[in-house]
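Keep the model in view while reading.

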Amino acid sequence: MNKLIDLRSDTVTKPTPAMREAMAHAEVGDDVYGEDPTVNKLEETAAEIMGKEAAVFVPTGTMGNLVSILSHCQRGQEVLLGDKSHVFFYERGNAAVVGGLPYHPLPNDRFGMLDPQEVINAVRGTDIHQPPTGLLCLENTHNRCGGTVLSVSQLETLCQIAHTRGLPVHLDGARIFNAALYLNCKVSEIAAEVDSVQFCLSKGLGAPVGSLVVGRQAFIGRVRANRKMVGGSMRQAGVLAAAGLIALADMPLRLYEDHLNAQYLAENLNLIPGVEVDMATVQTNIVMADLDPAGPVAAHWSAQLKKVGVLVNAMGLYRLRFVTHYDVSRAEIETTLKAMAHLE
Ligand code: TLP
């Protein structure tokens, strides 16, 4: 069989030759002592790009979100977040389990936005029955909403509501570089009003492993301590950070190809009977395709596609998710479309 066409996620990207080269020659030290020069450089670079005081390197996006939430909140406080957010949906309820921080989910609209009035209404008062509100958590781009983007002014609106009520804001910016490309702005503009950001090197940016948390110096100090608590402090992590530095330098520039491929895929999926894509939500590198409920379920489609070498995840009973990335070419998108059109 030819090479598999893997559209399950941009997490499947393998390190580029330049990354492997940099990894092989990385200068390393024990990062728990703060002595890994490559990790230190990655953290400084990340903080600078995001326009924040400091950064810390963590193994995964999930851990980055967890240690950020733990570092913003006191045990027993409640976390406001979207009901389709990754933190709520895909992270094992970790802040509740590890930190004693219950979630208060609010409806995400079809673009991943929260209704400002719902956020205002959700903030708790002083009633002793209720858990005090500790944090507002946002996501940009929004994964389950199809890679949709919140604008800087939407973020400002929500941040202002939180800040005037004394609440910090954490942004799950796993794909913040995709958001910046869509908005044609700098990532630092998206990060400007939020107190912390977690962003991933290991998705569209192609690094094998790793995320960064950025924020104020004192906050990052707490993140470092919480990272230790959950076992995420790594030793000679410079071999990973070296790939991360290449990811930040080279990879944001080419994400537009993934966005163009997603547009093309979405437009042509819409021509296939029984498949429907809401084009307004196709903004970055994720395409959600809704299937006719009179036909087979999404798991059946993905199993059939697998037989012809195309990997796609089911994201619900009648929904498939396609994610474009640097390892999927336009020709492979064409092959995928042909395979979809001929499925039974
Ligand atoms: N998302 C993965 C799966 O977990 C669904 C994917 O394939 O899209 N925030 C967002 C918005 C994410 O999409 C992800 C990963 C994470 C956090 C977690 O990152 P990792 O996988 O590094 O823990």
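## Overall build

Buried residues account for 55% of the 344 residues in the protein chain, where buried means under 20% relative accessible area, exposed over 50%, and partly exposed in between (1.4 Å probe, protein chains only). This is a predicted model, in which local features need pLDDT of at least 70, side-chain atom pairs count only at pLDDT 80 or more, and totals for chains, interfaces and linings use all residues. Residues are numbered from 1 along each chain as its sequence is written, and side-chain values use heavy atoms, with hydrogens and water left out.

The protein chain has 14 helices and 13 strands. Helices (H or I, at least four residues) and strands (E, at least two) are DSSP runs, numbered from the N terminus. The radius of gyration is 20 Å, close to the 20 Å that the globule rule gives for 344 residues, so the chain is as compact as a globular protein of that length. That radius is taken over C-alpha atoms, and the rule is 2.2 Å times the number of residues to the power 0.38. The C-alpha trace spans about 55 × 55 × 35 Å along its principal axes.

## Cores

A nonpolar core is a set of buried Ala, Val, Leu, Ile, Met, Phe, Trp, Tyr and Cys residues joined through side-chain atoms within 4.5 Å. The largest has 55 residues; Phe57, Leu136, Ile176, Phe177, Phe199 and Leu201 touch the most other members. Helix α11 (residues 238-250) supplies the largest share of this core, 7 residues. A second, separate core of 25 residues includes Ala266, Ala298, Trp301 and Val328.

## The open sheet

Four strands form an open sheet in the order β9-β10-β13-β12, with antiparallel pairing. β9 (275-277) and β12 (313-314) stand at the edges, each with a single partner strand, so one side of each lacks a neighbour in the sheet. Two strands pair if DSSP finds at least two bridges between them. Two of the pairings are listed here.

| Strand pair | Bridges | Facing residues |
|---|---|---|
| β10 and β13 | 5 bridges | Met288 and Arg321 |
| β12 and β13 | 2 bridges | Ala314 and Leu320 |

β13 is mostly covered, with 4 of its 5 residues buried. In the hairpin of β12 and β13, 4 residues lie between the strands, and Gly316 takes a positive phi near 130°.
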